[in-house]
Each structure stands twice: as C-alpha cells, then as structure tokens.
Amino acid sequence: MERSTSARLFAEASEHIPGGVSSPVRAFRAVGGTPLFLVRGEGAYAFDADGNRYVDYVMSWGPLILGHAHPEVVARVKEVAEKGLTFGAPHPLEVALAQAVKRAYPGVDLVRFVSTGTEATMSAIRLARGYTGRKYVVKFRGNYHGHADGLLVEAGSGALTFGVPSSAGVPEEYARLTLVLEYNDPEGLRVLLRARGEEIAAIIFEPVVGNAGVLVPTEEFLKALHEAKDYGVLLIADEVMTGFRLAFGGATERLGLKPDLVTLGKILGGGLPAAAYAGRREIMEKVAPLGPVYQAGTLSGNPLAMAAGLATLEILEKNQGYYAYLEALGARLEAGLREALGEKGIPHAVNRMGSMLTVFFTEGPVRTFQDARRTDTGLFKRFFHGLLDRGVYWPPSNFEAAFLSVAHTEKEVDRTLEAVRQAL
C-alpha cells in the first residue's frame, strides 16, 4: 500500500510533537515503520490520509464498540454541540448518564465523572486512601491503570518488597507506596495480605487484562482478591477497558465481581473523552464537596462526551443481544487464528474474552505477565506488517488487545483470516 502522505505527516509531526504522537504506542516503535494517520472511520473500517481502507481492530483502543461514526451517536453529539460545547456547570446529560451507569452496575450508588481513565484511577486511589486512612496500594504486574505517578511502578526484588518507578520523573519515595504482585498468583496475594493486609488501602486490578495482551483471571485468583475485604482492603476494579464491553455491566457482571469502587472510561464516552469512578455511597460521599477527598476538573461531565456516552449506552442497553453476537464473532476469529497458525506449526496462544483478543507467539498457556513476555515480538512485527499491507489494522504492539465491534461481521473476520494466511 502507498502510505507516503502518512510518512510526510509523521515527519512534520515529529518537528512539533514529542515522537510525532500524542500517546506513545501510536508511534509504531514496537513494530517499526511509519504510523498511520487516520482521517475517517466508517463502521468496522478506518481510512488513512492516503485513502487506504483497513479492517480496524484497534477501534480507538476500545471505545468504539458500535463501530466508527455510528449515526445515532453522531446525531446526538451534533444536536448537543449546536447548543454549546461546554459550560463548566451541571448539565442534565450528566444525570442521565449516571443513571445509565447505575443500571449497568447495581452495586454503584454514586458516580463522579472525569475526562480520562488516568483521572479515574488516580482519583479512586486517593478516595480509597481517604476512606481507609491507609497509604499502601497493591497493583499487579502487567496491569496498566494510566500514567499517574503512583501507578507507573514495577515490582521490586521480592513479593513483599516496595515498588520501584517504571518511568523517569516518578519519585522513588512515592513508588514505595505501591506494592506490586503477579496477576493470577492467588497465593502471592494471600501471603502479602497476611503480612501487611491492615496497612493496605486498596487493591486495584484489571479484571481481564488488556494492556499486557489479554490475560483472563482464574477463579482462585478472583477468590483471593475478594478475601482482601476481610482485612478492610477496598477492591478497585479498573474497568476502563472492560466496562460495557464484556457485558452491559462489564467484567463485574460477567465474572460476578463485588468491587468497592469501579473505574470506567473508553465506551463510557462513546468515542469522546469521558471516564468515571463510582462505588458505594458511604465511600463516594468522602469526595468533595460532600467530604474531604478533593478532586475537580474543568471539562468533567462535558456535554458532548456525555451525549456520545449516553447514546452508546442506551443502544447497548436496548440491544444486549449484541454481546452474544460479539462472543460468537470473537470465537470465529479465535478459531480461525488457531487453525491458520497451527497449520504452519507456529507456537502460539490465542487469549480471548468476548470481543477482546490477543495472539501471543509462544507456547501456551499465557496466564501471567511473565508468560506474555515470552512472546516472539520479532515474529509479531512481521505478523503486524503482513496484515497492515493487506488492509487489516491490528494493534501495533503484541501487548495490546484487539477489539471487535458490532459493526464487524463474518465478512470482515473471514477477510482478516485470509490476510493472516497470506501473511504467514
């Protein structure tokens, strides 16, 4: 495919924007080559600045469960935009969207809107500390919760050691307040809880991991997570990615979770910047102006984002058969990938839940971040470009989930599998 316009735009962008991009993974550093400059989306397809069309499995990294430019969502945004873009004041759509969230998540009493997933997780952790009076937080290796300082932390030398910064600019002293464990290691979690449970304010976790590639939790791991409540530890389910995607009530509904707080984003904004943290009344009432935990945002509850999010959630709520459709379509893609890779004798593991999927180029199973790191990233680069050159836009990192939308059909999946076979 001819992509000279994208190459020219990237060269120009690199003169004005760090790395030429506004978010690192877009730069194609993990796969090489020049990133696509996308200018239009329609259903399951994205179009670049050179006029090339791609079956899109990035879908803006998850928000577009209805596909690009869904006509009802676009119409709602246009209607609201004509009345004003932002007010910095309460808006009726905030109330309506909060009600929709509560219908999807029956354990939620109060919802606070913010603009990004990072804001949501950062605020939820501050709230957990303010509510419990404790300062330590547990996260899991390979779970990504945004770029707040206390969450850009990796494990130290042992299971009970303090975290260490995983980014320049994060003070070591702050990183030490985060304890890092292995995802899907229930015994490691239990050991930590027995030793330090009464010091821990919260455990934050991705119920189904999407930022190490897709990792699916075991029943025993979920059981151990809920045992943390016995120590007065709050559970924060980071459903920025999985919320409204794995079911209308997200992973909380699908996996039967009982979180104290949940963070939401991506689909919540219907393609525009919106996120939220939500939970039980006695916890959420600690948030200002009701309580002492401060959090604010000029564009929080922005009318355009509320309109796009509400339109999206209303469509999903009325058409919950979409989730069975996405499950079946995801299974078709998974089976086809396994068959194509198996025919070539390529070591692989295909992890999927619902409409989230990752192909790892390693012998399975892949249950932990350490397992995922065994993937052959060199082979993935060739896989990615082989698909891109055949009109399939796969996530440009082996450690990101691919997403299906209800706009995808068997036609797009079968076209993708043919591209896979040609690329192999």
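Helices (H or I, at least four residues) and strands (E, at least two) are DSSP runs, numbered from the N terminus. The model is predicted, so local features need pLDDT of at least 70 and side-chain atom pairs count only at pLDDT 80 or more, while totals for chains, interfaces and linings use all residues. Residues are numbered from 1 along each chain as its sequence is written, and side-chain values use heavy atoms, with hydrogens and water left out.

**Stop 1: histidine 408**

Select histidine 408, in the loop between strand S16 (402–403) and helix H14 (410–423). Histidine 408 has a relative accessible area of 0% and is therefore buried (under 20% relative accessible area, with exposed over 50% and partly exposed in between; 1.4 Å probe, protein chains only). Its side chain makes a polar contact with the side chain of serine 405, at 2.9 Å. A polar contact is a pair of N or O atoms within 3.5 Å; within protein, one must be able to donate a hydrogen and the other to accept it, and residues adjacent in sequence count only if both atoms are side-chain atoms. The backbone oxygen of aspartate 56 is 2.8 Å from a polar atom of the histidine 408 side chain. Leaving aside neighbours within four places in sequence, the residues in contact (heavy atoms within 4.5 Å) with histidine 408 include Tyr57, Met59, Tyr325 and Phe403.

**Stop 2**

From histidine 408, move to its contact Met59. Methionine 59 sits in the loop between strand S3 (53–56) and helix H2 (71–81), and is buried at 0% relative accessibility. Its phi is near 50 degrees, a positive value in a residue other than glycine. Alanine 69, in the loop between S3 and H2, also has a positive phi, of about 50 degrees.

**Stop 3: two cis peptide bonds**

Select alanine 288 and proline 289: the bond between them is cis, with omega near 10 degrees. Proline 289 lies in the loop between helix H9 (281–284) and helix H10 (303–318). The bond from glycine 364 to proline 365 is cis too, with omega near -5 degrees. Proline 365 is found between strand S14 (356–360) and helix H12 (369–372), in a loop.

**Stop 4: helix H6**

Select residues 186–196, helix H6, whose buried residues include Gly188, Leu192 and Arg196. The buried residues of H6 pack against strands S5 (136–141), S8 (178–182) and S9 (200–205), and against helix H7 (219–227). In H6, Pro186, Leu189, Arg190 and Leu193 meet residues of H7, among them Phe221, Ala224 and Leu225.
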